[in-house]
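Biologist: I am new to this structure and would like to go through its charged side chains. Please show it to me.

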Amino acid sequence: MSEVTRSLLQRWGASLRRGADFDSWGQLVEAIDEYQILARHLQKEAQAQHNNSEFTEEQKKTIGKIATCLELRSAALQSTQSQEEFKLEDLKKLEPILKNILTYNKEFPFDVQPIPLRRILAPGEEENLEFEEDEEGGAGAGPPDSFSARVPGTLLPRLPSEPGMTLLTIRIEKIGLKDAGQCIDPYITVSVKDLNGIDLTPVQDTPVASRKEDTYVHFNVDIELQKHVERLTKGAAIFFEFKHYKPKKRFTSTKCFAFMEMDEIKPGPIVIELYKKPTDFKRKKLQLLTKKPLYLHLHQSLHKE
């Protein structure tokens, strides 16, 4: 087994256990997210071309079936009327199969089939499968100062104006990172969350960064907040998750995040601190990414009739 495959299986196993833990604790939103993210990664691997995969066709079929089971459990958690629910006890039977996928040769315990890959990673779903690693160590060599477009982004237009109501445009100018030059296909996911981490507006992804130099990745892109400022709930915050692609591990990872609270909404430039992943939408266990003076640089514009 190659080191890449071993690492991949460890990450998958950790993600499955994390989802099952959330599930058993009754944290259904977190469990569903974890199951769906892992299902996307497994589906992608199951449908990889032979030359790009270290798994046999039979192993990929089993991986695809595990993804189907994750989808079934996720659907069961979201449904109140499911007659034949896929239970947590059923899901836990998948862990040894996934762990020993290279030697597993028994009949799959559930009558399911791999499902077509509807999408690899939807906006906001590209959270990494957390795995212990040294983020300060860099992410591999990328082009020196420019990027090919990964996706055009999922930015939304400004809302229609309403009398007496304020709209906010946030220009993401640049982010300071000590290994900025090594980030591959970097982009930022922007979301607005309440104190419980629930989305208040649609999630938006920027296009891949325009350029990088020294310790900065430059974006220079406008985000239109999809809610009038006056209608945001008390305690809400705007989150910015910096993400980049890791070719060795074959997935998109969140490197760090930043957030802006409601009392920070005011016209003009603002710099905000960067925090270590995983993204803490409830803002309870925050750890600064670095002691160096590196920040996310933004510029805010308010529009009011």
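What follows is a set of questions and answers on charged side chains.

Modeller: This is a predicted model, in which local features need pLDDT of at least 70 and side-chain atom pairs count only at pLDDT 80 or more, while totals for chains, interfaces and linings use all residues. Residues are numbered from 1 along each chain as its sequence is written, and side-chain values use heavy atoms, with hydrogens and water left out.

Biologist: How many salt bridges are there?

Modeller: Side chains of opposite charge can pair when their charged atoms come close. A salt bridge here is a side-chain nitrogen of Lys or Arg within 4 Å of a carboxyl oxygen of Asp or Glu. By that rule, the count of salt bridges is 14.

Biologist: Is D23 buried or exposed?

Modeller: D23 forms a salt bridge with R73, at 2.8 Å from N to O. The pair links distant parts of the chain, with D23 in helix α1 (residues 3–25) and R73 in helix α3 (residues 57–78), 50 residues apart; helices (H or I, at least four residues) and strands (E, at least two) are DSSP runs numbered from the N terminus. Buried means under 20% relative accessible area, exposed over 50%, and partly exposed in between (1.4 Å probe, protein chains only). Because its relative accessibility is 7%, D23 counts as buried.

Biologist: What is the relative accessible area of R231?

Modeller: R231 meets E162 in a salt bridge, at 3.0 Å from N to O. This pair also joins distant parts of the chain: E162 lies in the loop between α5 (94–99) and β1 (166–176), and R231 in the loop between β5 (216–224) and β6 (237–246). E162 is partly exposed at 29%. R231 is partly exposed too, and its relative accessible area is 42%.

Biologist: Is R283 buried or exposed?

Modeller: The closest N and O atoms of R283 and E261 are 3.0 Å apart, in a salt bridge. E261 is in strand β7 (residues 251–261) and R283 in the loop between β9 (275–276) and β10 (295–304), 22 residues apart. E261 is partly exposed at 31%. R283, at 14% relative accessibility, counts as buried.

Biologist: Which side chain of opposite charge is nearest to D280?

Modeller: D280 is found in the loop between β9 and β10. Leaving aside neighbours within four places in sequence, D280 is in contact (heavy atoms within 4.5 Å) with F239, F257, K285 and L286. Lys and Arg count as positive and Asp and Glu as negative, while His and the chain ends are not counted. D280 is buried yet has no salt bridge, and the nearest side chain of opposite charge, 7.4 Å away, is R283.
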